[in-house]
Amino acid sequence: MSGVKKVVDVAAKAGKAIDWDGMAKMLVSEEARKEFANLRRAFDEVNHTLQTKFSQEPEPINWEYYRKGIGSKLVDMYKEAYESIEIPKYVDTVTPEYKPKFDALLVELKEAEQTSLKESEMIEKEIAEVQEMKKKISTMTAEEYFQKHPELKKKFDA
């Protein structure tokens with residue numbers, strides 16, 4: 001399998017493995033959604049190019065056809081030159097450079113996610129307390145209120 005074919009296969013698998021919809025649900029701002037849509041569109045374009053343009057093997061050259069029309073000496077010279085071409089193998093020098101940075105960002109992302117979840121839980125508890133307070137406020141006595149908020153009782157007494 002050629003190097004280009006491997007790249008195409010990896011890109012196709014990567015495209016299938018990405019949960020685009022799941023990631024889109026996590027976005028909050030409109031700007032983030034626009035940037036995410038641009039990223040997805042760019043990924044799809046590159047993936048499509050890899051799938052169509054680079055996945056096809058070139059058709060073999062019919063050297064005999066050209067020998068009849070041009071002459072064997074010139075065709076043999078071109079054939080020899082064509083067969084001597086060596087396409088250099090792609091060496092990825094970018095991934096090793098950015099992999100540690102990406103991994104650090106993933107760790108930072110996980111930490112931010114945990115912080116966000118904790119804050120979300122705290123806010124949900126506060127909302128539940130406020131809703132409970134809203135229901136009880138009309139029948140609550142001052143003593144019950146000060147039991148829930150002792151710091152306010154101290155200010156009131158002062």
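Trainee: Before we start, what does "buried" mean here?
Mentor: Buried means under 20% relative accessible area. Keep in mind that this is a predicted model.

Trainee: How much of the protein chain is buried, then?
Mentor: Buried residues make up 9% of its 158 residues.

Trainee: And how big is the accessible surface of the protein chain?
Mentor: About 14300 Å². Carbon and sulfur atoms hold 59% of that area.

Trainee: Switching topic. How many helices and strands are there?
Mentor: The protein chain has eight helices and zero strands. Along the sequence, the pattern reads α-α-α-α-α-α-α-α.

Trainee: What share of the contacts links residues 24 or more positions apart?
Mentor: Among contacts with a separation of 6 or more, 38% are of that kind.

Trainee: Back to the surface. Which residues form the nonpolar patch?
Mentor: Ten names to look up: Ile61, Tyr65, Tyr66, Ile70, Leu74, Met77, Tyr78, Tyr82, Ile85 and Ile87. Together they have about 1100 Å² of accessible area.

Trainee: Which elements give two or more residues to that patch?
Mentor: Helix H4 (63–70) and helix H5 (72–84) do.

Trainee: Which one gives the largest share?
Mentor: H5, with four residues.

Trainee: Why does methionine 77 count as exposed?
Mentor: Because its relative accessibility is 52%, and exposed means over 50%.

How values were computed:
Residues are numbered from 1 along each chain as its sequence is written. This is a predicted model: local features need pLDDT of at least 70, side-chain atom pairs count only at pLDDT 80 or more; totals for chains, interfaces and linings use all residues. Side-chain values use heavy atoms; hydrogens and water are left out. Buried means under 20% relative accessible area, exposed over 50%, partly exposed in between (1.4 Å probe, protein chains only). Contact means heavy atoms within 4.5 Å. Accessible areas come from the Shrake-Rupley method with a 1.4 Å probe; for residues, only the protein chains shown count as cover. Patches are made of residues with over 30% relative accessible area and no salt bridge: like charges are joined within 9 Å, nonpolar side chains (Val, Leu, Ile, Met, Phe, Trp, Tyr) within 5 Å. A salt bridge is a side-chain nitrogen of Lys or Arg within 4 Å of a carboxyl oxygen of Asp or Glu.
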